[in-house]
Amino acid sequence: MIIRKYTDSDNLQWVRCRVLSLLDTAYFDNVLREKEHYQNPSIELVAEVDGKIIGLIDVEYEIERGTVCYYNKQLGGVIRNLAVLPEYRKLGIATVLLNEAIRSLKVNEIERVEVWTRDDKWVNDWYKNRGFSFKKFYLHVYTESDECDEIVKVKVEKLHVCNCFAHYVGENTEEIKSKFKRIHKCNLYELYL
Ligand SMILES: CC(C)(COP(=O)(O)OP(=O)(O)OC[C@H]1O[C@@H](n2cnc3c(N)ncnc32)[C@H](O)[C@@H]1OP(=O)(O)O)[C@@H](O)C(=O)NCCC(=O)NCCS
């Protein structure tokens with residue numbers, strides 16, 4: 001296995017690796033058709049075996065405090081993507097990707113890293129086991145058909161809202177959880193480098 005920088009010719013393999021790696025997670029329908037690019041500097045690495053991309057990490061980082069991260073006391077980076085194909089998991093590949101990204105971040109004088117992740121226990125544990133600490137959460141709320149009427153008022157005649165995706169940042173999380181079928185806790189973790 002080699003860890004190397006992403007190049008534009010990796011786009012299709014990158015997208016495939018990401019979508020297949022997210023299928024068994026709470027991000028199963030978060031599908032991209034092209035790789036994300038970032039407004040700020042970034043570390044973009046892939047893990048490759050026999051010419052195939054089997055893992056990836058993207059960390060966008062700031063050169064001015066508070067332009068990328070949620071917290072702004074130190075210069076930081078945000079892990080935008082981290083994924084390893086299911087058949088290559090538990091071999092240490094994500095750990096190597098993270099460590100390599102951290103090495104590059106330190107070279108760029110980045111002092112901390114943030115990541116937002118949903119409620120998959122094993123993913124949360126993965127971050128905690130690598131020294132990340134939980135900071136806060138809010139809810140990702142998906143609604144379908146009649147559920148949408150609970151949260152939106154349509155202003156256009158004969159237009160029916162069939163699906164919604166919303167962020168809930170209030171205190172009444174139990175009420176929201178009981179009201180809608182698909183809710184994800186979106187957790188913020190941080191790591192000091
Ligand atoms: C989280 C993820 C990147 C870890 O990749 P990995 O290469 O398997 O991780 P490593 O081999 O470096 O680490 C292995 C650890 O992950 C755990 N792990 C990995 N896949 C697992 C799975 N499917 N179920 C349970 N535990 C799993 C191992 O038990 C091991 O635990 P440890 O923390 O006690 O060491 C990978 O599971 C993945 O791609 N998940 C889906 C994508 C995702 O949700 N990304 C995060 C969004 S920000």
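Author: Questions and answers on the ligand site and on one glutamate follow. This is a predicted model, in which local features need pLDDT of at least 70, side-chain atom pairs count only at pLDDT 80 or more, and totals for chains, interfaces and linings use all residues. Residues are numbered from 1 along each chain as its sequence is written, and side-chain values use heavy atoms, with hydrogens and water left out.

Reader: How far from an oxygen atom of the ligand is a backbone N or O atom of Val84?

Author: Val84 is among the residues that come nearest to the ligand, along with Leu82, Lys90, Gly92 and Thr95; a residue is near if one of its heavy atoms lies within 4 Å. From a ligand oxygen to a backbone N or O atom of Val84 the distance is 2.8 Å.

Reader: Which helix gives the most residues to the shell around the ligand?

Author: Helices here are DSSP runs (H or I, at least four residues), numbered from the N terminus. Trp122 has a side-chain N or O atom 3.0 Å from a ligand oxygen. With five residues, the top contributor to the shell is helix 3.

Reader: Is Glu190 buried or exposed?

Author: Glu190 lies in strand 8 (residues 182-192). Its side chain makes a polar contact of 2.6 Å with that of Arg112; such a contact is a pair of N or O atoms within 3.5 Å, one able to donate a hydrogen and the other to accept it, and residues adjacent in sequence count only if both atoms are side-chain atoms. Buried means under 20% relative accessible area and exposed over 50%, with partly exposed in between (1.4 Å probe, protein chains only). Because its relative accessible area is 7%, Glu190 is buried.

Notes:
Helices (H or I, at least four residues) and strands (E, at least two) are DSSP runs, numbered from the N terminus.
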